[in-house]
Amino acid sequence: MAATCFMTTPWKYLLCRISAASRVTHNITLGCRAYSQQSTDKTDLAHHIKQRIKVNGPITVAEYMKTVLTSPLSGYYMNKDVFGAKGDFITSPEISQMFGELLGVWIVHEWMLAGSPKQFNVVELGPGRGTLAEDILRVFHQLKRIQDVVSLHLVEVSPAMRQMQELKLTGRNMSTGTLTETDNGVTHKTVKSKTGIPVTWYKSLQEVPTGTPTCFIAHEFFDALPVHKIQKTEKGWREVLVNTAPDNSTHQFQFVLAPTETPTSKLFVEKDEKRDHVEVCPEGAVIVQDIADRVTQDGGKALIIDYGHDGTKGDTFRGFKNHKLHDVLVDPGSADLTADVDFSFLRRMVGDRANCHGPIAQQMFLKNMGIDYRMQAIMKNASESYRKDLISGYQMLMDPKQMGVRFKFFAMLPNGDHLDGKPRIPTGLESS
């Protein structure tokens, strides 16, 4: 081991301990949101939404978004693989192994700073294909101290994605595991990963047990949570709703404004709000408050990674399909619906439950965590073709014109986590 590793920051020491081997390349050549053709018939879902509106009247954008993305009928995420170069879009873990490895190092370093507790949980919300989890577990496997005390808990609503994650992490399809039933009758499956670290699946964060120091990871999770759209009018703030379109229209649905204030427009718009359009996510508020409470009460930390802003943007709700922006009201269920995460809203919802840090740009976080150092180590033993993939992936992750600035890192630490009498800044979140 190089002596210089001991003379620099702790994460460099940890990086020295990780094998420089490269994982199997994904041959990424597409952008951060790259969409492919899907020809699934979604008429049943559209009909379901129409009937719902017919019975109950116009629905909120949040209701529409949640139905389109997660309806068992034919919700976008529920029955197919939408991730990776051959799916509908590509995320940072799919682009480069370095992303997940550096997050793994971040978790280990924060675990060490917390005194290396003898029992430690890592909870990932919305794990996608399991690529990020796989890279993190590979880091744990090479740093034996944490491997013996850590367990992984995945929060995933889609049955199809759970099967994909299990195959990725265990190397077996529908592997035999241990079934555990909770007091309320919910059954969870636990399996041994390829690294020997146990992995358990849950449908919601509320099902994940409390009482153990935990690190929460949410990568591109909050952007898929349903948002309410609220617009400033001459009569005050009015919520945007989704209604059926007129019979003579070529579209099935249309946006309309609520005639009066709604509970959401009353509760979530700040009195000094300067924007003309606001997007709020009550479901995200509940989740981030739950995470903050667990972080402070059980001891732990949380890292939220997503494209977003700090209270500066308004109308960001959009759809993507076939490499292009897609009308969110056309052919529901066939395209990804998303909205930029408002980190100022998350911070406001956390309040004094935990210490919030960030957001800072992905480029800065990865630089702080040693992505250049890690890339040099992998390049030494990589094949020529994989070197090209490494360089391409690095550029995509770090370039301000691609993902380097648009994606942000936001962290939470317990209220009592102080250094020199001040709230400690988490590893990698240093702004300068």
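**A tour by question**

Colleague: Before we go on, what pLDDT do side-chain atom pairs need in order to count?
Modeller: Residues are numbered from 1 along each chain as its sequence is written, and side-chain values use heavy atoms, leaving out hydrogens and water. This is a predicted model, in which totals for chains, interfaces and linings use all residues, local features need pLDDT of at least 70, and side-chain atom pairs count only at pLDDT 80 or more.

Colleague: Back to serine 193: to which backbone oxygen does its side chain come within polar-contact distance?
Modeller: Serine 193 sits in the loop between β5 (187-192) and β6 (198-202). A polar contact is a pair of N or O atoms within 3.5 Å; within protein, one must be able to donate a hydrogen and the other to accept it, and residues adjacent in sequence count only if both atoms are side-chain atoms. A polar side-chain atom of serine 193 lies 2.8 Å from the backbone oxygen of isoleucine 197.

Colleague: Which residues touch serine 193, apart from its neighbours within four places in sequence?
Modeller: Contact here means heavy atoms within 4.5 Å. With those sequence neighbours set aside, serine 193 is in contact with Leu137, Leu169, Thr170 and Val199.

Colleague: Zooming out, how many helices and strands does the protein have?
Modeller: Both kinds of element are DSSP runs numbered from the N terminus: helices are H or I with at least four residues, and strands are E with at least two. By that rule, the protein comes to 14 helices and 20 strands.

Colleague: What share of the contacts with a separation of 6 or more joins residues 24 or more positions apart?
Modeller: First, some background: of the protein's 432 residues, 56% count as buried. Among contacts with a separation of 6 or more, the share from residues 24 or more positions apart is 75%.

Colleague: Why is β2 described as largely enclosed?
Modeller: Phe120, Val122 and Glu124 point one way from β2 (120-125), while Asn121, Val123 and Leu125 point the other way. Both sets are buried. β2 is largely enclosed by the rest of the structure because the number of its residues that are buried is 6 of 6.

Colleague: Across from leucine 125, which residue of β7 stands opposite?
Modeller: Two strands pair if DSSP finds at least two bridges between them. β2 pairs in the parallel sense with β3 (150-155) over 6 bridges, and leucine 125 has valine 155 as its bridge partner there. β2 also pairs in the parallel sense with β7, over 5 bridges. In β7, the residue opposite leucine 125 is alanine 218.

Colleague: What strand order does the open sheet of 3 strands have?
Modeller: Its edge strands are β14 (324-326) and β15 (336-338), each pairing on one side only. β13 (318-321) pairs with β14 in the antiparallel sense over 3 bridges, and phenylalanine 320 has leucine 325 as its bridge partner in β14. The pairing in this sheet is antiparallel, and the order is β14-β13-β15.

Colleague: Turning to backbone geometry, what phi does glutamate 220 have?
Modeller: Most residues other than glycine have a negative phi, and most peptide bonds are trans. Glutamate 220 lies in the loop between β7 (214-219) and β8 (228-233), and this residue is buried at 11% relative accessible area. Its phi is positive, at about 50 degrees.

Colleague: Last one: how many disulfides does the structure hold?
Modeller: A disulfide is a pair of cysteine sulfur atoms within 2.5 Å. Cysteine 215 is buried at 0% relative accessible area, whereas cysteine 356 is partly exposed at 21%. The number of disulfides is 0.

Definitions and conventions:
Buried means under 20% relative accessible area, exposed over 50%, partly exposed in between (1.4 Å probe, protein chains only).
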